Amino acid sequence: MAAATFKTLPLSTSPNSPSTLQALREQLDRLESESLLRRRRVVNSPCLTEVNSEGASLLSFASNDYLGLAAHPVLAESAAEGAKRWGVGSGASHLVSGHTAVHEALEQALASFVGCDAALVFSTGYLANIAVMPALLGRNGEIFADRLNHASLVDGALLSRATVHRYAHNDTTALEKLLAASTARDKLIVSDGVFSMDGDVAPLGELLSLAERHDAWLLIDDAHGFGVLGPQGRGSIASAGLRSDRLIHMATLGKAAGVSGAFIAGTRTVMDWLLQKSRPYIFTTAMPPMLAHVLLHALALIEDADDRRHALMQRIAQLRRGLPGKLLPSTTAIQPLLVGDNAAALQLSAALRENGIWVPAIRPPTVPAGTARLRISLSAAHTEDQVARLVAALVQHSEAAT
Ligand code: PMP
């Protein structure tokens, strides 16, 4: 093969001029000195409760694999079977030629699972969350967003160009005041169903009543409730017993479902509209059909996983019994231990790692300044002994940190 030749841009147009690079390096150094530099760890094993990472064998409380499906043999087999049947790539976006029968079947199965008319699948939850608001609202619209919403919802709201009002976390009184003062025709309330860094559940019934009273849409991101909460894992909205034409469901398929992807579900009219207007659905290659094939099997496993959900609830109760007063109030698989200081959170995470336990430290800007924490994620796949090990290590190490 011929050696590649590279053209050098004139310095004046290069983004990599020495001063630009130096400014970036200085900012990276500053992040490091404030204990805010983010790092990836290389994992050299499947997503199980025991993983191998950078030469160490670690008991992991770091994944969102809440039902223990990410490395499930039935799904691994289904992936191989799906690749044989469908190949590995969809080859095009949904509206060109990438929408296969298995995507269609998955969308219908997801819609009926959450009790909606129709659904659209996306390659990731991030894409799904930037898909809805820009399609439903424009510059004259108003969005009412919980202050602790996931970053992808923040970005989706910004992309819509609507006016964004952020209300204090789960504060429906503050939300009501904002709604009452609004003169916009198009309004949308948006909230995580289960908050990703706190683990608490949004007051969904109250949010829906406010949406009804003020004629607003209600978009709920159920990334962490889908598969875990509600009858047969149908999610936090089903758990609250809610149904409404105003409700737009969003959930990810890379957490409890163990694979990747996401979906939006709602009334036929809203889904028809998104199909016309939602840029992250229209202008991107459809997810590999082999994944849609696996996801159909994952959905069947979720529906049938009451035993796993029961085991998960037992592990949650065990952890909370073992660490009284130490964890933020949460009844879900996300159990945060508030530390406050960034460096102290990193140190606690490092101390656990020394003990062969992986619990990530979460720092700003993912969480508000001064609220750095350890985010413990439990899975149905954790054993009682594994949770006992975590409790013992936290009892030993957390006094100094919190
Ligand atoms: N919403 C929430 C609440 C999340 O926690 C996440 C993932 N961290 C997403 C959306 C994005 O989902 P995905 O990872 O599928 O892009």
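Trainee: In what sense do strand 2 and strand 11 pair, and over how many bridges?

Mentor: Start with the general idea. Strands of a sheet pair through backbone hydrogen bonds, either parallel or antiparallel. Now the case here, in a model that is predicted. Strand 2 and strand 11 run in the parallel sense, paired over 2 bridges. Look at Ser60: opposite it, in strand 11, stands Trp358.

Trainee: What is the strand order of that open sheet?

Mentor: The order is 1-2-11, with mixed pairing in an open sheet of 3 strands. Strand 1 and strand 11 (357–358) are at the edges. Each has a single partner strand, so one side of each is left without a neighbour in the sheet.

Trainee: Which residue has a positive phi although it is not a glycine?

Mentor: Glu54, with a phi of about 50°. Find Glu54 in the loop between strand 1 (50–53) and strand 2 (56–60).

Trainee: Where does the order 10-13-12 occur, and what is the pairing?

Mentor: That order belongs to an open sheet of 3 strands, and its pairing is antiparallel. Strand 10 and strand 12 (361–362) are the edge strands here. Each has a single partner strand, so one side of each is left without a neighbour in the sheet. Strand 12 pairs with strand 13 (residues 372–377) over 2 bridges, in the antiparallel sense.

Trainee: Which two residues does a cis peptide bond join?

Mentor: Pro364 and Pro365, with omega at about 5°. Pro365 sits in the loop between strand 12 and strand 13.

Trainee: Now helices. What describes two packed helices?

Mentor: Two things: the angle between their axes and the distance between the axes. Take helix 8 (residues 172–181) and helix 9 (residues 204–213). Their axes come within 11 Å and cross at roughly 10°. That crossing makes helix 8 roughly parallel to helix 9.

Trainee: Which residues of helix 8 and helix 9 meet?

Mentor: From helix 8, Thr172, Leu175, Glu176 and Leu179. From helix 9, Glu206, Leu207 and Leu210. By class, this contact of helix 8 with helix 9 has 4 nonpolar, 1 polar and 2 charged residues.

Trainee: Step back. How is the chain divided into domains?

Mentor: Domain 1 covers 38–67 + 306–401, and domain 2 covers 73–303. Their C-alpha centres lie 27 Å apart. The contact uses 18 residues from domain 1 and 15 residues from domain 2.

Trainee: Which elements each supply at least two residues of the side of domain 1 that touches domain 2?

Mentor: Helix 14 (306–322) and strand 10 (334–340). Strand 10 gives the most, with 3 residues.

Trainee: Last, the ligand. How many residues surround it, and which are the closest?

Mentor: 14 residues surround the ligand. The closest are Thr124, Gly125, His150, Ser196 and Ala223. Helix 5 (residues 125–129) provides the largest share of the shell, 3 residues. Sorted by class, the shell holds 3 nonpolar, 9 polar and 2 charged residues.

Definitions and conventions:
Residues are numbered from 1 along each chain as its sequence is written. This is a predicted model: local features need pLDDT of at least 70, side-chain atom pairs count only at pLDDT 80 or more; totals for chains, interfaces and linings use all residues. Domain bounds come from an automatic or database domain assignment. Two residues are in contact if their C-beta atoms, placed from the backbone, lie within 7 Å. Helices (H or I, at least four residues) and strands (E, at least two) are DSSP runs, numbered from the N terminus. A residue is near a molecule or strand if its C-beta atom, placed from the backbone, lies within 6 Å of it. Ala, Val, Leu, Ile, Met, Phe, Trp, Tyr, Cys and Pro count as nonpolar, Asp, Glu, Lys and Arg as charged, and the others, Gly among them, as polar. Axes are lines fitted to C-alpha atoms, for helices over the stretch in contact, and angles run from 0 to 180 degrees between N-to-C directions. Angles under 35 degrees count as roughly parallel, over 145 as roughly antiparallel, 65 to 115 as roughly perpendicular and the rest as oblique. Two strands pair if DSSP finds at least two bridges between them.
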